[in-house]
Amino acid sequence: MNESATHYGRVTRYLHWGMAALFVWQFASAGAHALLPDSALDEFFWPTHKLTGTLLMALAIVRLAWALIERHRRPPSVNLAATVGHLTLYALMIVIPAVALLRQYGSGRAFSPFGLPLMPGFEGEIEWMTALGSLVHGLLGWTLLALVVGHVAMAVAHRRLGQQDVLKRMVVRRSPR
Ligand code: HEM
Ligand code: HEM
């Protein structure tokens with residue numbers, strides 16, 4: 001379960017790859033909505049956007065808490081750029097759905113993801129909340145996609161260029177002693 005100096009543990013690995021799959025889905029819904037509005041693809045994916053986004057927010061909080069608990073046991077960072085990059089990924093994974101949920105709350109409309117009555121709704125609107133969400137949610141969302149592309153490229157580059165194979169830390173299980 002726990003991290004070691006050479007490998008990430010099961011909790012981190014399952015969260016990393018499970019969330020990566022959900023992010024592919026999330027960006028497919030955002031991409032179809034932006035590039036092919038009202039297409040069959042958009043109509044298939046878009047109704048899942050708020051749900052998947054809310055699930056990603058919950059998982060990001062669990063992941064951040066686990067990373068903090070395990071911070072002294074984790075494999076050491078490769079360099080400063082990796083530390084800054086991973087911290088930025090964490091920040092965006094929290095801020096992007098947070099501003100969307102704030103906008104959802106501010107709209108006054110009820111919101112019950114997976115049947116959970118998260119927001120009961122109210123009369124009227126809280127304008128700064130809806131304005132903030134509309135201003136930054138999509139922009140930060142696309143910024144995260146660009147960072148993820150860079151993140152994957154760097155993971156592959158480290159492997160190909162014969163430097164430290166960081167992919168092993170996130171893929172391979174610790175060999176049983
Ligand atoms: C980490 C999670 C999320 C990511 C990466 C994400 C990403 C995106 C992106 C890139 C767009 C822009 C699409 C376009 O340009 O047309 C977008 C739009 C949208 N998202 Fe999300 N989203 C997330 C979570 C959420 C959540 C939790 C909600 C609501 C509860 C939400 C509601 C919306 C809405 C209503 C739009 C259309 C309006 C706009 O562009 O701001 N999203 N999202
Ligand atoms: C095919 C897709 C992906 C690949 C190949 C990949 C690869 C990796 C590798 C090799 C590491 C370990 C790096 C190290 O220890 O220095 C890592 C860590 C990390 N990755 Fe990814 N990644 C992918 C997708 C994503 C996505 C979509 C996100 C988030 C939006 C993400 C966020 C992170 C974060 C925050 C870390 C730091 C460790 C942690 O706390 O989980 N990755 N990734």
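Guide: Searching the whole structure turns up one cavity of 30 Å³ or more. A cavity here is a set of points, on a 1 Å grid over the protein atoms alone, where a 1.4 Å probe fits but cannot get out. The largest cavity has a volume of about 30 Å³, a volume being the space filled by probe spheres set on the points, which are joined across faces, edges and corners. This is a predicted model, where local features need pLDDT of at least 70, side-chain atom pairs count only at pLDDT 80 or more, and totals for chains, interfaces and linings use all residues. Residues are numbered from 1 along each chain as written, chains are lettered from A and ligands numbered from 1 in written order, and side-chain values use heavy atoms, leaving out hydrogens and water.

So who lines that cavity? Thr12, Leu15, Arg63, Trp66, Ala67, Arg74 and Tyr90 do, lining residues being those with an atom within 4 Å of a point. Two elements, α1 and α3 (49-69), each give two or more residues to this lining, and α3 gives the most, with three. Helices are DSSP runs (H or I, at least four residues), numbered from the N terminus. By class, the lining has four nonpolar, one polar and two charged residues; Ala, Val, Leu, Ile, Met, Phe, Trp, Tyr, Cys and Pro count as nonpolar, Asp, Glu, Lys and Arg as charged, and the others, Gly among them, as polar.

Arg74, one of the lining residues, also has a side-chain N or O atom 3.0 Å from an oxygen atom of ligand 2.

Key: Polar contact = N/O pair within 3.5 Å; in protein donor to acceptor, adjacent residues only side chain to side chain. 1 Å grid on protein atoms, 1.4 Å probe; cavity = no way out; pocket = protein on both sides within 12 Å on 5 of 7 lines; lining within 4 Å.
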